[in-house]
Structure formats: C-alpha cells, structure tokens
Amino acid sequence: MRIQKQCLYCNKDLVGRTDKKYCDPQCKSAYQYQIASDQPTRFFDKVMNQLKLNRKILKEYNKGGKVTVRAHLLINEGFNPKFFTHYWRNQNGDTYLFVFEYGFLKRKENNINKFVLIQWQDYMV
C-alpha cells in the first residue's frame with residue numbers, strides 16, 4: 001500500500017518504494033528550500049548574516065593591516081557598526097570593535113566620520 005502517490009513538489013506519479021515522497025533528489029531539494037523560505041527568518045540568522053557581511057567588507061577594505069576609511073563607504077556597502085563579536089582596548093584607551101579577526105574604531109576627523117580598520121594580532125590578547 002502506498003502512502004504517497006505523487007511527488008510532494010512536482011505532483012508526478014511516484015514509481016518505486018511505497019514510502020517514497022519525491023520523484024528525484026532535485027524535487028526533494030526544491031521542496032525543502034521552498035518550505036524553509038516560507039518560514040520567517042530567525043533572529044540568529046539575521047545577526048549571523050550581518051556579521052558575515054561586516055567581516056567581508058572589513059576584509060575587503062583592510063589590505064594593509066591598518067587603514068583609515070571614510071565611514072560612508074563602508075555603510076553604503078551594508079556595513080552596520082552595531083554588529084560586532086568582541087572588543088579590544090589599546091594602551092591609549094581606544095576601544096576597537098571586532099568582527100571576528102577584523103577590527104574598527106570610529107573616529108571623526110575634520111567633521112568627517114571615519115573608521116580605522118585593523119586586523120587581530122597575537123599581542124592583542
């Protein structure tokens with residue numbers, strides 16, 4: 001006796017095992033993707049996606065180890081300084097916010113908002 005007579009995704013008649021739900025792996029994948037996309041995005045996923053985007057942007061702009069970049073360039077690409085993983089305070093009392101191994105410090109020079117970008121070093125422990 002068959003439990004499912006048609007593929008859950010494309011509604012084709014199923015041939016084979018009695019407990020079969022999909023006609024091929026592509027239909028199974030497409031069905032699971034459709035179900036996942038219908039559900040609301042979880043808070044954790046939103047935070048992790050923003051952290052990944054922030055890291056990608058910081059990595060892209062920080063080619064020299066320590067760089068100063070205008071804030072609007074990063075923000076226009078989707079960078080959000082409110083999302084970071086940890087912080088580090090240097091000897092001068094400046095607090096760098098880090099997104100994984102890339103850090104940034106917000107500065108204002110000549111009425112222009114800038115970010116000083118650095119990369120995590122072993123001595124920062």
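The five strands form an open sheet in the order 1-5-4-3-2, with antiparallel pairing. Strands here are DSSP runs of E with at least two residues, helices are runs of H or I with at least four, and both are numbered from the N terminus; two strands pair if DSSP finds at least two bridges between them. Strand 1 and strand 2 stand at the edges with a single partner strand each, so one side of each has no neighbour in the sheet. On average, and with direction ignored, neighbouring strands of this sheet are turned by 30 degrees against each other; the axes behind this angle are lines fitted to C-alpha atoms, for helices over the stretch in contact, and angles run from 0 to 180 degrees between N-to-C directions.

The model is predicted, so local features need pLDDT of at least 70 and side-chain atom pairs count only at pLDDT 80 or more, while totals for chains, interfaces and linings use all residues. Residues are numbered from 1 along each chain as its sequence is written, and side-chain values use heavy atoms, with hydrogens and water left out.

Strand 2 pairs with strand 3 in the antiparallel sense over four bridges, and Y87 has L97 in strand 3 as its bridge partner. L97 also has a bridge partner in strand 4, namely F104; strand 3 and strand 4 are antiparallel and pair over three bridges. Strand 4 is in turn joined to strand 5 (residues 112–119) by eight bridges, and these two strands run antiparallel. Within strand 5, N113 is the bridge partner of K108.

The turns between these strands deserve a look of their own. Most residues other than glycine have a negative phi. In the hairpin of strand 3 and strand 4, with two residues between the strands, F100 takes a positive phi near 60 degrees. F100 is partly exposed, at 30% relative accessibility; in this scheme buried means under 20% relative accessible area, exposed over 50%, and partly exposed in between, using a 1.4 Å probe and protein chains only. The hairpin of strand 4 and strand 5 also has two residues between the strands, and there N110 takes a positive phi near 55 degrees. N111, found in the loop between strand 4 and strand 5, has a positive phi of about 60 degrees although it is not a glycine. At 72% relative accessibility, N111 counts as exposed.

R55 is partly exposed at 24% relative accessibility, and E101 is partly exposed at 26%. Another salt bridge joins D94 and R107, whose closest N and O atoms are 3.1 Å apart. D94 lies in the loop between strand 2 (86–89) and strand 3, and R107 in strand 4, so the pair ties together parts that are 13 residues apart in sequence. Both partners are partly exposed, D94 with a relative accessible area of 21% and R107 with 32%. The side chains of R42 and D45 also meet in a salt bridge, at 3.2 Å from N to O.

The side chain of N62 reaches the backbone nitrogen of G65 at 3.1 Å. Such a polar contact is a pair of N or O atoms within 3.5 Å; within protein, one must be able to donate a hydrogen and the other to accept it, and residues adjacent in sequence count only if both atoms are side-chain atoms. Leaving aside neighbours within four places in sequence, N62 is in contact (heavy atoms within 4.5 Å) with V67, Y102, L117, I118 and Q119.

Finally, the cysteines. The count of disulfides, pairs of cysteine sulfur atoms within 2.5 Å, is zero. C10 is in no disulfide, as the nearest cysteine sulfur, that of C23, is 3.5 Å away. The sulfur of C23 lies 3.4 Å from the closest cysteine sulfur, in C27, which is too far for a bond. C10 is partly exposed, with a relative accessible area of 30%, and C23 is partly exposed at 24% relative accessibility.

Methods:
Salt bridge = Lys/Arg side-chain N within 4 Å of Asp/Glu carboxyl O.
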